[in-house]
Amino acid sequence: MSLKQLTVIDRLEVGPVRLEPSGLSASYAVFSGKSVASRDLAYRYEEDVFSPDSAADQNLAAMIAAQVALNYGLFCGEIVFHGPFDGYDRKFISDYAAHTAREIYVKKFLEPNPFLIGPAADLSAEVRASYLQAKLRFEGPDISERPPAAWSAVEGRDCVLSSGGKDSLLSYGLLREMGREVHPVFINESGRHWFTALNAYRHFAREVPETARVWTNADRVFSHMLRQLPFVRSDFARVRSDEYPIRLWTVAVFLFGALPLLRHRRIGRLIVGDEHDTTHRSSHHGITHYNGLYDQSRWFDNAMTRYFHRKEWQVSQFSLLRSLSELLIEKVLVERFPDLQRLQMSCHATHVDGNQIRPCGRCEKCRRIIGMLRAIDADPTRCGYTAEQVEDALARLAEEGVHQEEAGIQQLFHRLRERGLIGETKQARERREVEQLRFDRQRSPFETVPADIRPALHRTLLQHSLGA
C-alpha cells in the first residue's frame, strides 16, 4: 500500500462557526464519493465569553473549530476551512497540518499500531519533503488588513490547564504558594475521559472560586472521523491501549478552547504541565519527527506564544516543570502539597465507585504512578488505589515496564530495589540526575520560566530535589 492510498476522504469541510455568547458549534462534514457524513463540533462555557456579532470573536471561534481538522491532512484530498482568518491563522493552520501529517505517518503507521487493519498496518517508509496530502482551502474573508483585536491581561493572574494529573496539580500548588491568582481551567470532554479529571474538578469547584470548566464534544468528533477511515478497526473503542488510534494534534484542541476564558478574565499566562523528557527530536528511516510529543514540548510552547503575540493577544504559554522528571514531580507534589496529591488521577480507564472515581490499577499509567509513589515511600491508597492493586502493579512492573525516559526507569527501579519492593533487575541503576533540576539548552533552558517567579520557584523545588 502506498502513502497516496491513505487519502480516503475526498473533502473535509469545517464550519462556518455558529456563535452564541456562551458557546460555539461548527460542522465537520466528510465527503467521500457520493456519501456525506457530518458531525458538529461544540464548545460550551459556564459564562458568556463571546459577542456573536464581533469580527474578532468570529475569528477566534474559527481558529478553535479548526484544530481538530489538523489531524487529517494525511487522509484528505482537500480540507476547507470556512470563516474569517488572517495571514497568521492561515500560516499556523498550514504549518501544523503539515507537521501533524508527518508525525502521524511515523508514529501511527511506521510504528506498531493495534488500531490498524489491512495493508495500512504494513507501510514502508517514504522520505518526502511534505506528508500533507490535503490541499488546504480557506473560504471566507481574509482579515489580514484589519487592525488586530489586542487583548490585555492583569498582572499576577494565571491559568493552569488542569486535568487532575500530578503535573497540573503541582503547577497549581506552586503558583498558589507564590500568591498568584490562579484559575484552574478544566476541559470537560463529553466521554469517559472526563472521569480522570472529575475528582479534582469537584474539589476545585467547591474550594477555588476561579475554577472554570469548558465542555466540548471533540472526543466524539475524533470518533466520527475514525469511522471514516477504512484502515482503522471498527471496534477501536474496545481496544485497550494507552495511545489514541490516529490523532497527535490534541493539546491545541484544549488550549484554543480555553482562550476565550483567558481573554474574558484578562489572564496573561497559560501554564501547561510538561516535564523534562517531552522535548525530543528523533529520526525514523531518515524522517525527522518529534516522537509524537511535539504538543507537549518546549518548542510547542514557544510556537504558541509567538502566535499569540503576533495576534497581539497578551498570552504567554510555558511549563513550570521543564527541569523536572516525572519522578521528581511526584516527589514534590507528595512532600509539599499532600492535600492536592490526594486528588491525583492519571488513569484513562477509570470507574465509578459511589461518589468517587477510582483508577483501574492495571494500565501502564497506573503501574507507573504506583511505582513512583512507592519509590518515594508514599502511599498509593491515598489517591484511590487499593492495597491489592498496589501489590499487583509492583509485581508486574519489572516484567511489563513503563513508558519513561531511560534514566527515569533506571532511577525508579533503583529506588524500588533499595526499598526492597522489587528483586534484582538489570534495569535498576542509580541516576541521581533524575531527582535533580536539569537545565538543558534545548529541553529546559533556565529562562523557560518568567524571571519574576523564577527565584521563588527554584528555591521551592531545590528543597525537594538532590540539587541541580
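**Close-up views of a predicted model**

View 1. Strands E4 and E5 run parallel, and 5 bridges link them. Between the two comes helix H2 (residues 87-110), and E4, H2 and E5 together form a right-handed β-α-β unit. In a regular strand, side chains point to one face of the sheet and then the other in turn. For E5, the covered face holds Leu-136 and Phe-138, while Lys-135, Arg-137 and Glu-139 make up the uncovered one.

**View 2. The sheet that E5 belongs to.** Here's the whole open sheet: 10 strands in the order E5-E4-E1-E2-E3-E8-E7-E6-E9-E12, with mixed pairing. E5 (135-139) and E12 (316-319) are the edge strands; each has a single partner strand, so one side of each has no neighbour in the sheet. On average, neighbouring strands are turned by 20° against each other, ignoring direction. Within the sheet, E3 (residues 35-45) and E8 (residues 212-216) are antiparallel and joined by 3 bridges. Look for Tyr-43, which faces Thr-216 of E8.

**View 3. Two helices on the sheet.** Helix H1 (residues 55-66) lies across E1 (9-20), E2 (23-32), E3 and E4 (76-82), and runs at about 140° to E1. Helix H7 (residues 298-310) also packs on the sheet, where it touches E9 (269-272) and E12, and its direction makes about 165° with that of E12.

View 4. Zoom in on Pro-16, which is part of strand E1. The peptide bond leading from Gly-15 to Pro-16 is cis, and its omega is near 5°.

**View 5. Leu-74 and the nonpolar cores.** Nonpolar side chains tend to be buried together in soluble globular proteins. The largest nonpolar core here has 94 residues, and Leu-12, Leu-74, Phe-75, Phe-81 and Phe-109 have the most contacts inside it. Setting aside neighbours within four places in sequence, Leu-74 has contacts that include Leu-3, Leu-6, Ile-104, Phe-109 and Tyr-131. There's also a second, separate core of 62 residues, with Val-160, Leu-327, Leu-343 and Leu-457 among them.

**View 6. Helix H11 and what it packs on.** Gln-389, Val-390, Ala-393, Leu-394, Arg-396 and Leu-397 are its buried residues. They pack against helix H10 (364-375) and helix H12 (406-418).

**View 7. Thr-425, tucked into a loop.** Thr-425 belongs to the loop between H12 and helix H13 (454-462). With a relative accessible area of 18%, Thr-425 counts as buried, because the cut-off for that is under 20%. Not counting residues up to four places away in sequence, Thr-425 touches Phe-413 and Arg-417.

**View 8. Two loop residues with positive phi.** Glu-312 isn't a glycine, yet its phi is positive, at about 65°. You'll find Glu-312 in the loop between H7 and E12, partly exposed with a relative accessible area of 42%. Asp-377, another residue other than glycine, has a positive phi near 65°. Its place is in the loop between H10 and H11, and Asp-377 is exposed, with a relative accessible area of 54%.

Key. Residues are numbered from 1 along each chain as its sequence is written. This is a predicted model: local features need pLDDT of at least 70, side-chain atom pairs count only at pLDDT 80 or more; totals for chains, interfaces and linings use all residues. Side-chain values use heavy atoms; hydrogens and water are left out. Two strands pair if DSSP finds at least two bridges between them. Helices (H or I, at least four residues) and strands (E, at least two) are DSSP runs, numbered from the N terminus. Axes are lines fitted to C-alpha atoms, for helices over the stretch in contact, and angles run from 0 to 180 degrees between N-to-C directions. Contact means heavy atoms within 4.5 Å. Buried means under 20% relative accessible area, exposed over 50%, partly exposed in between (1.4 Å probe, protein chains only). A crossover is right-handed if, with the strands pointing away from the viewer, the path from the first strand over the helix to the second runs clockwise. A nonpolar core is a set of buried Ala, Val, Leu, Ile, Met, Phe, Trp, Tyr and Cys residues joined through side-chain atoms within 4.5 Å.
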